[in-house]
Amino acid sequence: MLDVPAEPITVTVTRGMEYDTASVVVTPEAGGETLVELAPSRLYDAAARGWYGGDLHVHLNWMGEEPAAPALAAAAQHGEDLHVLNLVAGNVASERVYDREALEHWAGRDLPWSDAGHLARLGVEYRSDLLGHFTAFGISRPPARYHTGFAGAVDWPPNAVALEELRSLGGLTGYGHPFHFPFTDDDPPDVVLGRARNCSAREIVADAALGLIDTLDVLNHSSISATAAVYRRLIGAGNRLAVTAGTDAVLSFCRRGTASGPPGWERVYARVDGPLTAGSYAEAVRLGRTFATTGPWLELTVNGHGPGDRLDLAPGARVEIEVTSIGPEVTELEIRTADGVLAQGPPGRLAATLEVTEPTYVVAVATGGPHPRAMRGDGAYAHTSPVHLDVGGRPVAREADVRWCLAWLDRLAGLVRRFGVFDSPAQLDDHLRLYDRARAVYTARLP
């Protein structure tokens, strides 16, 4: 029920990214009640194609104007027709972990409002303002540790230790809101890593090399273009990472930009085999059968194979690439390989042929300007995980990308030495040994 003036008004309704908007002009009767029924039409039905969209980084409570009850999360998920919701417990600036009690009660179980087409779980945001924040979805029980480096605490152990624990609990792990300031594919690690302490995903280059992290939230509330640039460097260097999305929406906030937006205003779609469960969704994401989007539907095939698939080709083999999109906000499609942009074109369909002489990958990107369907002011965006093109059994390990990752590790070691807080030299050494292990992995990938 909403009080409105007795004069012509326009009522507009929408329901998540799979739906269009519906509008009607009505003139309410003074002192009376006017019932308006609107049903937005579908633009696409992802679940009917075996794809389920999730938001892997949502807070029920995290400071904010008023406490948020679970019923609000249920209403938001079903109202937005969001298939998968990961409500994460996390701290802000102290030892207190918001919604820790809820996690302790519900870990390993679907939340009560879950049904065949909607799944909600309690998860974790593990937070280090020196090394980056990451989330875990589908954990079987709460972890022993939730954060490092807050309220004067030491920056120890490395994030890798928490990743190993959350993996042991069945968690799907991914770095969230990774990079806050724009930069390009060609910028060196010095520009990307920045200075002093912030929550950028600094340890990801090491964790990816060691196989400790599953995903990167290329779509997030920070810089998508910057995160996409790092993502393509990481997969070009031979790392297996899936594209994901996490809005960092906070249901206890009412007036804080995109944090007050509905869960799922960005989503990661994963192609699931069989019924939707926490296990089937996490497995699909781990396999890289994903694309992340602010709204557009984006589909990529290479010789009929989709994201997450691996083709082993002979040198000189030719592959046929096709990209399709749905959504009025898309203005351009792009096909990219490890060597950069292969083809660009208008929305709807884009095709290209690639002769494969060296191992590479193929991803698709969709972009568009500001649009009512895109909550971000910088416009619409979608990005797929890669189709991997091996040659003679060799996976991609582009020398320029490997050396970029090695330079990152050198810069990261310097940052941790300068800004890290430790009780002993041994704690710093734990970080440096982690980087040495990652450095050995990358060095072995060089020609």
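Asp110 counts as partly exposed, with a relative accessibility of 36%. The model described here is predicted. Asp110 forms a salt bridge with Arg121, and the closest N and O atoms of the two are 2.7 Å apart. This pair links distant parts of the chain: Asp110 is in the loop between α2 (100-106) and β6, while Arg121 is in strand β6, eleven residues away. Is Arg121 buried or exposed? Arg121 is buried, because its relative accessible area of 11% is under the 20% limit.

A search of the whole structure finds 29 salt bridges. Among them is the one between the side chains of Arg49 and Glu299, with a distance of 3.5 Å from N to O. Arg49 lies in the loop between β2 (22-26) and β3 (51-59), and Glu299 lies in strand β15 (residues 297-302). The two residues are 250 residues apart, and the pair links distant parts of the chain. Arg49 has a relative accessibility of 42% and counts as partly exposed. Glu299 is also partly exposed, with a relative accessible area of 27%.

Another salt bridge joins the side chains of Arg403 and Glu399, at 2.9 Å from N to O. Both residues lie in helix α8 (residues 399-419). They are four residues apart, which is about one turn of the helix. Arg403 counts as partly exposed at 45% relative accessibility, and Glu399 does so at 36%.

| Salt bridge | N to O distance |
|---|---|
| Arg121 and Asp110 | 2.7 Å |
| Arg403 and Glu399 | 2.9 Å |
| Arg49 and Glu299 | 3.5 Å |

Salt bridges can also join into a group. Which residues are linked in a network of salt bridges? Glu18, Arg42, Asp45 and Asp81 are linked in this way.

Asp129 is placed in the loop between β6 (119-128) and β7 (132-137). Leaving aside residues up to four places away in sequence, Asp129 touches Thr148, Gly149, Phe150, Asp155, Arg197, Asn198 and Cys199. With one of these, Arg197, the side chain of Asp129 makes a polar contact of 2.8 Å. How many residues separate Asp129 and Ser200 in sequence? They are 71 residues apart in sequence, and in space their C-alpha atoms are 7.4 Å apart.

Technical notes
Residues numbered from 1 in each chain as written. Predicted model: local features only at pLDDT ≥ 70, side-chain atom pairs only at ≥ 80, totals over all residues. Heavy atoms only, no water. Contact = heavy atoms within 4.5 Å. Polar contact = N/O pair within 3.5 Å; in protein donor to acceptor, adjacent residues only side chain to side chain. Salt bridge = Lys/Arg side-chain N within 4 Å of Asp/Glu carboxyl O. Buried < 20%, exposed > 50% of the residue type's maximum accessible area, 1.4 Å probe, protein only.
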